[in-house]
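Student: Could you walk me through reading this one? I'd like to go from the overall fold to a pocket.

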Amino acid sequence: MAALRAAAEYVDDCLSAHVESIRSTLDDVTIVVTADHGELLWDNVALDQEAFFGDRCVDHGGTPYEALARVPLLSEDLPTRLDDGAPVSLIDLAPTHLSAIGVEPRSRTSGVDLHADDHDPRSLLVEGCLGPEERKAVYRDGDKLIASESGATLTFDLPDETPAEFDSARIEALRSQLPPWPCGEAGSTDV
C-alpha cells in the first residue's frame, strides 16, 4: 500500500506542476483530470470465482466491480450536482463543458449536461474484458447488475456495492438495459 500511496503522490505532484504551468500561460482554461477505469487489486476474488468461474479481479479490465468502474474526476468547473449521488458518467463531460462555454454539440450523445436540473432517469453501463469472457454492468435507481456472456449474474445495492437478492422481474428489467454481446464463433449471444 505504501508503494501505491507514493505513486499517487508522485502523480499528484506532476499534475500540480503541469496545472500551474498551464494556468500561468492561459487566462481562461478548464482542466479536467479523470481516468478511463479504476484498478482491481484482487477485490472480490472469491465472489468472482464463485459467480463467473474466474479471477478477473486484478489489473486492467475484468469484472466491473466498483473499484474498476468508479474513476476519479477532478475539475474546478463541474457542478455541485455531482455531490448529490445522482448517476454520472464520463460521457457527460463533453456535453457539460460544451454547455458551460455556450457551444451546442454537433451531434447527439447519450451524455447529459450536468449543469441542467431536468434529467430523465437513465441507466449507466460499464463493460470489462479480461480473459475470454466479457462482463457488463448496468446501474439504475440504486441497483447494479453485473452479467457475463455465459448468463451468470450478480446483483448489488448501491452506493456500497452490497450483494443483494433481486427478484426475477427486477433482474430482467436490468438485463434488458445491457447492450448486445459481441458475436462469437457460434453467432450472437444477445442478452
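Student: How many helices and strands does the secondary structure of the protein come to?

Tutor: Keep in mind that this is a predicted model. Its secondary structure comes to five helices and nine strands.

Student: And in what order do the elements run from the N terminus on?

Tutor: Read them off as α-β-β-α-β-α-β-α-β-β-β-β-β-α. Take the contacts between residues at least 6 apart in sequence: 46% of them join residues at least 24 apart.

Student: What about burial: what percentage of the residues count as buried?

Tutor: With buried meaning under 20% relative accessible area, 30% of the 191 residues qualify.

Student: Now the pocket. How do I find where empty space is left?

Tutor: The general idea is to roll a probe the size of a water molecule over the atoms, which shows where there is empty space. Here, the second largest pocket holds about 520 Å³ of space.

Student: Which residues lie nearest the centre of the second largest pocket?

Tutor: Val11, Asp12, Leu15, Val33 and Leu74, out of 18 lining residues.

Student: Which element supplies the largest share of that lining?

Tutor: Helix 1, with nine residues. Helix 1 spans 2–25, and strand 1 (33–34) also gives at least two residues to the lining.

Student: How does the lining divide into nonpolar, polar and charged residues?

Tutor: You'll count 11 nonpolar, three polar and four charged.

Note on methods:
Residues are numbered from 1 along each chain as its sequence is written. This is a predicted model: local features need pLDDT of at least 70, side-chain atom pairs count only at pLDDT 80 or more; totals for chains, interfaces and linings use all residues. Side-chain values use heavy atoms; hydrogens and water are left out. Helices (H or I, at least four residues) and strands (E, at least two) are DSSP runs, numbered from the N terminus. Buried means under 20% relative accessible area, exposed over 50%, partly exposed in between (1.4 Å probe, protein chains only). Contact means heavy atoms within 4.5 Å. On a 1 Å grid over the protein atoms alone, a cavity is a set of points where a 1.4 Å probe fits but cannot get out, and a pocket is an open set with protein on both sides within 12 Å along at least five of seven lines; lining residues have an atom within 4 Å of a point. Grid points are joined across faces, edges and corners, and a volume is the space filled by probe spheres set on the points. Ala, Val, Leu, Ile, Met, Phe, Trp, Tyr, Cys and Pro count as nonpolar, Asp, Glu, Lys and Arg as charged, and the others, Gly among them, as polar.
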